[in-house]
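Hi everyone, thanks for coming. I'd like to walk you through a structure that's new to the group, so let's get it up on the screen.

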Amino acid sequence: LSLHDALPISQTAKSALGDLQVHVATYATADGNVYLVSYTDFPAAATRADNRKTLFDGVRDGFKGRGAVAGEKDFQFGPDKLPGREGIVDKDKGKQRVKFRAVLRDNRLYQVAVIGTEGFVSGTDATAFLDSLELTK
């Protein structure tokens with residue numbers, strides 16, 4: 001999989017914090033499973049330590065929609081121990097699953113996700129994709 005094959009877009013999202021520029025690239029497989037990577041720059045106040053839970057809850061809720069949270073945990077990412085959250089969401093009465101990781105560095109939120117069948121989301125390709133997130137200086 002190469003994100004060079006992905007469809008990159010940049011769009012403005014309306015939020016309680018104002019308009020946010022969201023940069024997203026997705027790649028859909030022939031059988032309808034999806035790989036996603038994105039980043040969004042937030043106002044500095046929104047990314048302060050005392051607001052991170054709200055920020056990560058918003059990521060989860062965005063993926064969840066009308067679905068159900070199947071699990072989530074906070075973690076520290078990389079050698080700089082950046083704050084992050086990983087979660088699994090079941091959608092469409094269990095017919096679709098989302099597994100995501102969100103990592104915050106300064107005021108930029110990075111997200112990687114896999115969306116599709118439970119077998120795809122828990123498979124080796126999806127896990128390798130999620131594990132491939134690397135933030136360079």
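This is a predicted model: local features need pLDDT of at least 70, side-chain atom pairs count only at pLDDT 80 or more; totals for chains, interfaces and linings use all residues.

I'll start with the overall fold and then move on to the aromatic rings.

What's in the chain? We've got 3 helices and 7 strands. Reading from the N terminus, the order goes β-β-β-α-β-β-β-β-α-α.

Now, the overall dimensions. If you box in the C-alpha atoms along the principal axes, you get roughly 40 × 30 × 30 Å. Of those 137 residues, 38% count as buried.

On charges, there are 19 positive and 18 negative side chains, with the centres of the two sets 5 Å apart.

Okay, on to the rings. How many aromatic pairs does the structure hold? There are 5. Take Y35 and F120: the ring centres sit 5.3 Å apart with the planes at 85°, so that's an edge-to-face pair. Y35 is in strand β3 and F120 is in helix α2, so this pair ties together parts that are 85 residues apart in sequence. And both Y35 and F120 are buried.

Then there's F63 with F100: centres 5.1 Å apart, planes at 20°, so we call that one stacked. This pair also links distant parts of the chain, with F63 in helix α1 and F100 in strand β6, 37 residues apart. F63 and F100 are buried too.

Definitions and conventions: Residues are numbered from 1 along each chain as its sequence is written. Side-chain values use heavy atoms; hydrogens and water are left out. Helices (H or I, at least four residues) and strands (E, at least two) are DSSP runs, numbered from the N terminus. Buried means under 20% relative accessible area, exposed over 50%, partly exposed in between (1.4 Å probe, protein chains only). Lys and Arg count as positive and Asp and Glu as negative; His and the chain ends are not counted. The place of a charge is taken as NZ of Lys, CZ of Arg, CG of Asp or CD of Glu. Rings of Phe, Tyr and Trp (its six-membered ring) pair if their centres lie within 6.5 Å; planes under 30 degrees apart count as stacked, over 60 as edge-to-face and the rest as tilted.
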